[in-house]
Amino acid sequence: MIWNLAPKARAFRFVGHQDAITGVHFSPSGSLVATSSKDRTVRLWTPNIKGESKVFKAHTAAVRSVHFSRDGHRLATASDDKTVKVWSVPRQCFLSSLSQHTNWVRCARFSPDGRLIASCGDDRTVRLWDTSTKNCINCFTDYGAAETFVDFNSSGTCVASSGVDSSLKIWDLRTNKLIQHYKVHSASVNSFSIHPSDNFLISGSSDSTVKILDLLEGRLIYTLHGHKGPVMTVAFSRAGDLFASGGTDAQVLMWRTNFDRRNYRDVLLQHSRRTTPDPPPHPGDFPPRVPHLHHPLPSDIQICPSVANTLATDPQVIEVGQPADSTTTHSTPTLAAADTSAQRHVAAAARAEGWRAAAPTGGGSGRREEEEDEESGWSAEPPEGRSADLELTLRHIVEQLDILTQTVSVLEERLTLTEDKLKECLHHQAHMARELEQNRAGPRRTESRDASGSPDDSS
């Protein structure tokens with residue numbers, strides 16, 4: 001869904017993925033939207049009425065996250081096939097694969113300067129990759145459970161991660177040390193976002209809350225109760241004046257960032273006076289005193305907003321099917337450079353699917369959709385003369401291309417594994433050769449010492 005926050009503006013629902021969508025990210029310029037899905041594909045959308053998209057296929061399992069570099073020229077995707085893949089956006093092609101994780105990869109993020117990629121997954125590690133050499137340059141392993149999300153701060157000096165054990169950890173990349181560790185949630189932390197000033201962090205958890213952390217003072221300051229189910233994603237706006245949260249309760253909540261302009265201590269004092277009056281005296285406080293438990297007052301502010309029911313005032317939603325000129329980008333140069341006739345066949349098949357998805361279903365709603373399509377220049381009528389045999393042939397071509405793409409991806413993974421094993425064997429062989437040379441050199445030195453000591457013995 002692409003929402004326009006202007007009053008009475010239309011929203012767009014884009015249809016194209018064949019399974020659940022796991023990640024979405026705007027390009028820095030806002031002209032493209034990237035999505036990842038469990039259908040093993042990544043799509044690049046143009047956020048307008050045409051809904052044109054490009055499909056990237058190289059992963060062999062569900063894709064869990066997608067992220068643009070700051071210059072908008074590259075994409076990083078994380079997948080259940082235990083790899084992180086990097087794509088070129090201008091050339092719309094596959095660039096490289098990073099494969100040292102030993103379990104599913106949940107998240108991958110570019111650093112602000114684009115030189116590093118941070119990834120995390122179910123192997124309980126956070127890895128740092130050099131985008132120029134494609135090597136893993138650091139691995140943080142101090143985790144007791146699977147990691148769900150990872151991201152850099154705005155300066156790129158720190159990397160933060162969250163896990164299913166309800167923990168949030170921040171590492172300083174200059175010293176490779178853990179500098180902050182939070183455990184403020186009671187369930188898995190699914191997502192977090194760092195304020196552009198690097199002073200605050202918001203986190204969303206399966207405990208149905210959004211929490212705000214003050215990174216300068218190192219403590220929890222606000223707990224937001226707005227969702228009626230697990231909070232799956234949170235994000236600050238680019239300027240930091242707003243943040244949004246989305247959950248399994250099918251709600252996206254927009255929040256105004258005002259905690260960076262008001263003194264937290266004054267707000268806490270005012271809040272505690274209003275909501276937590278002085279407790280009644282405990283009998284153990286009077287002589288003779290007996291040991292008893294004093295329950296500490298919470299140090300964070302609990303906010304339970306009365307969220308307006310936006311379901312009654314939702315904007316008009318325009319559903320956009322598969323576009324007419326969507327193309328598929330594969331991980332092999334031969335498929336990306338296919339002849340123009342094959343590209344025309346694939347485009348024709350996609351065009352046929354798009355016309356079927358955009359066809360009206362009847363009634364007044366169908367007439368309204370036709371009027372909107374006419375206003376926007378969108379035609380819902382298929383061309384004449386399209387034969388069933390041609391459509392069947394085009395579908396067969398698309399299926400064969402998909403099978404070929406998956407085969408190439410599997411071969412790529414096998415070649416990577418073979419290369420790793422070969423490197424390990426060569427390293428082991430070199431180590432054994434050094435040991436053998438040392439063992440040979442030992443007796444020689446002993447014999448030379450014996451030979452040098454024989455004259456003394458004779459004398």
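Biologist: Let's start with one contact. Which residue is the bridge partner of I194 in β19?
Modeller: L201 in β19 is the bridge partner of I194. Keep in mind that this is a predicted model.

Biologist: How many bridges join β18 and β19, and in which sense do they pair?
Modeller: Five bridges, in the antiparallel sense. β19 covers residues 200-205.

Biologist: What holds paired strands together in general?
Modeller: Strands of a sheet pair through backbone hydrogen bonds. The pairing can be parallel or antiparallel.

Biologist: What is the strand order in the sheet with β18 and β19?
Modeller: The order is β18-β19-β20-β21-β25. Those five strands make an open sheet, and the pairing is mixed.

Biologist: Which strands sit at the edges?
Modeller: β18 (189-194) and β25 (301-303). Each of these edge strands pairs on one side only.

Biologist: And what is the average twist?
Modeller: From one strand to the next, the twist averages 20 degrees.

Biologist: New topic: salt bridges. How many does the structure hold?
Modeller: Six. One of them joins the side chains of D80 and R64, at 2.9 Å from N to O.

Biologist: Where do D80 and R64 sit in the chain?
Modeller: D80 is in the loop between β7 (74-79) and β8 (84-88). R64 is in strand β6, residues 63-68.

Biologist: Is D80 buried or exposed?
Modeller: D80 counts as buried, because its relative accessibility is 10% and the cut-off for buried is under 20%. R64 is partly exposed, at 24%.

Biologist: Give me another salt bridge. What does D122 pair with?
Modeller: D122 pairs with R106. Their closest N and O atoms are 2.8 Å apart. D122 lies in the loop between β11 (116-121) and β12 (126-130), and R106 lies in strand β10 (residues 105-110), so the pair ties together parts that are 16 residues apart in sequence.

Biologist: Buried or exposed, what about D122?
Modeller: D122 counts as buried, at 18% relative accessibility. R106 is partly exposed, with a relative accessible area of 28%.

Biologist: What about R115, which residue does it bridge to?
Modeller: R115 forms a salt bridge with D113. The closest N and O atoms there are 3.0 Å apart. R115 counts as exposed because its relative accessibility is 58%, and the cut-off for exposed is over 50%. D113, at 48%, is partly exposed.

Biologist: Now the rings. How many aromatic pairs are there?
Modeller: A search of the whole structure finds nine. Among them is Y143 with W171, a tilted pair. The centres are 6.1 Å apart, with 55 degrees between the planes.

Biologist: Where are Y143 and W171 in the chain?
Modeller: Y143 is in the loop between β13 (135-140) and β14 (147-152). W171 is in strand β16, residues 168-172. They are 28 residues apart, so this pair links distant parts of the chain. Y143 is buried at 9% relative accessible area, and W171 is buried at 7%.

Biologist: Which residues form a ring cluster?
Modeller: F12, F14 and W45, linked by ring pairs.

Biologist: Last one: which residues form the nonpolar surface patch?
Modeller: M1, W3, L5, M254 and V317. Together they have about 510 Å² of accessible area. W3 is in the segment before β1 (11-14). W3 counts as partly exposed, at 44% relative accessibility.

Methods: Residues numbered from 1 in each chain as written. Predicted model: local features only at pLDDT ≥ 70, side-chain atom pairs only at ≥ 80, totals over all residues. Heavy atoms only, no water. Pairing = 2+ DSSP bridges. Helix = DSSP H or I, 4+ residues; strand = E, 2+ residues; numbered from the N terminus. Axes fitted to C-alpha atoms, helices over the stretch in contact; angles between N-to-C directions. Patch = residues over 30% accessible without salt bridge, like charges linked within 9 Å, V, L, I, M, F, W, Y side chains within 5 Å. Areas by Shrake-Rupley, 256 points an atom, 1.4 Å probe, with all protein chains shown as cover. Salt bridge = Lys/Arg side-chain N within 4 Å of Asp/Glu carboxyl O. Buried < 20%, exposed > 50% of the residue type's maximum accessible area, 1.4 Å probe, protein only. Phe/Tyr/Trp six-rings, centres within 6.5 Å; stacked < 30°, edge-to-face > 60°.
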